[in-house]
Amino acid sequence: MYDEIVAVTENRPLTGGHFLLSVRSPRQAPATRPGQFAMIRILGRADVLLRRPMSIYDVKPANSPGRKKGAAKAPEVMEFLYKVVGRGTQLMADLKAGERVGLLAPLGHGFFAEEYLTQAEAADEILHVAGGIGIAALLLPARELARQGFRQRLFFGGRTKADLVGVEDFKPLVSRSVLATEDGSRGHQGFVTKPLEDYLARCRKKRFLLVVCGPWAMLEASVRLARRYGHPCLVSMENRMGCGLGVCLGCSIRVEGTGHGSYQRVCTEGPVFWAEKVVWERESIPKT
Ligand SMILES: Cc1cc2nc3c(=O)[nH]c(=O)nc-3n(C[C@H](O)[C@H](O)[C@H](O)COP(=O)(O)OP(=O)(O)OC[C@H]3O[C@@H](n4cnc5c(N)ncnc54)[C@H](O)[C@@H]3O)c2cc1C
Ligand code: FES
């Protein structure tokens, strides 16, 4: 993990108040594992002191025309897919190429603990389930799983079609993308958990691993489905964060266990957890 000041190379507006921020980060990009995140600090702003957590959407080699043919292409650019929701993300949206930001990265455990891969190997297909900007946590894991030859399918839901950003990036990695919007402007009308449930019900003999990221209600609904149909489920949690370093305890969630063991920090023990380990206390999920 490195705490650096890095240069913005591009900050491209997408649909629905989403942006793709690229920064040149030759030390942090190659150190990134799929499923990790970064804390971004807007420099010189006394009104936004806390860093903002962002999933590392992608890491890429720099687009340098001077590179020799055949030379190793280590990633040097880190990309963040984000949605403007408040003061910090609005300031991010105002960033221009050449400006600088503070970047603490890479943080958290990625998706590739040994036990995750064991479950992936036992599955016939891996189902990525994304709600809104939760999609940003899933591209690097999907790419790594595709590289390892796993069959994958994406279920992606948003309020409207403008929220379905990044679908094109998943195309080469998944056998199918199933889209849903609440207003019916693209894909199935309603929540994405409906086509997910239809698929689970249709393929009862198959074994799946669900990998889910999105708003709390969508996580809960997906966890409930995974439980009902008997599939293991990983969740990438996006709790509000203070330090991102395991110090402030602001991101703690309740997990199965007692005493100190009944809390874990999303920033250090996560952001990826087995769904069955998390205590879903805002609305308890029946065990059956
Ligand atoms: C590990 C992790 C990865 C994340 N990855 C991404 C990402 O890739 N792209 C992206 O756009 N966002 C991501 N987020 C959420 C992002 O950090 C927040 O949207 C951002 O911090 C909001 O800052 P703000 O100053 O613009 O909003 P604020 O002014 O702080 O808040 C504006 C509104 O957004 C809500 N909000 C703030 N933080 C969160 C949060 N963590 N979850 C849900 N609602 C929140 C507030 O309750 C409030 O309603 C991630 C969060 C975590 C913890
Ligand atoms: S954000 Fe401070 S402990 Fe996790």
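Modeller: **Domains and ligand**

The protein chain is divided into domain 1 (2-107) and domain 2 (114-277), with bounds that come from an automatic or database domain assignment. This is a predicted model, in which local features need pLDDT of at least 70 and side-chain atom pairs count only at pLDDT 80 or more, while totals for chains, interfaces and linings use all residues. Residues are numbered from 1 along each chain as its sequence is written, and chains are lettered from A and ligands numbered from 1 in the order in which they are written.

Taken over C-alpha atoms, the centres of domain 1 and domain 2 are 23 Å apart. Their contact takes 20 residues from domain 1 and 19 residues from domain 2; two residues are in contact if their C-beta atoms, placed from the backbone, lie within 7 Å. On the side of domain 1 that touches domain 2, two or more residues come from each of β3 (37-42), β4, β6 and β7 (100-107). Here β6 gives the most, with three residues. Helices (H or I, at least four residues) and strands (E, at least two) are DSSP runs, numbered from the N terminus.

Now the ligand itself. Both domain 1 and domain 2 give residues to the shell around ligand 1, so ligand 1 lies between them. There are 21 residues around ligand 1, and Tyr 82, Gly 86, Gly 88, Thr 89 and Ala 136 come nearest; a residue is near a molecule or strand if its C-beta atom, placed from the backbone, lies within 6 Å of it. At least two residues of the shell come from each of β4 (52-55), β6 (77-83) and α2 (87-93).
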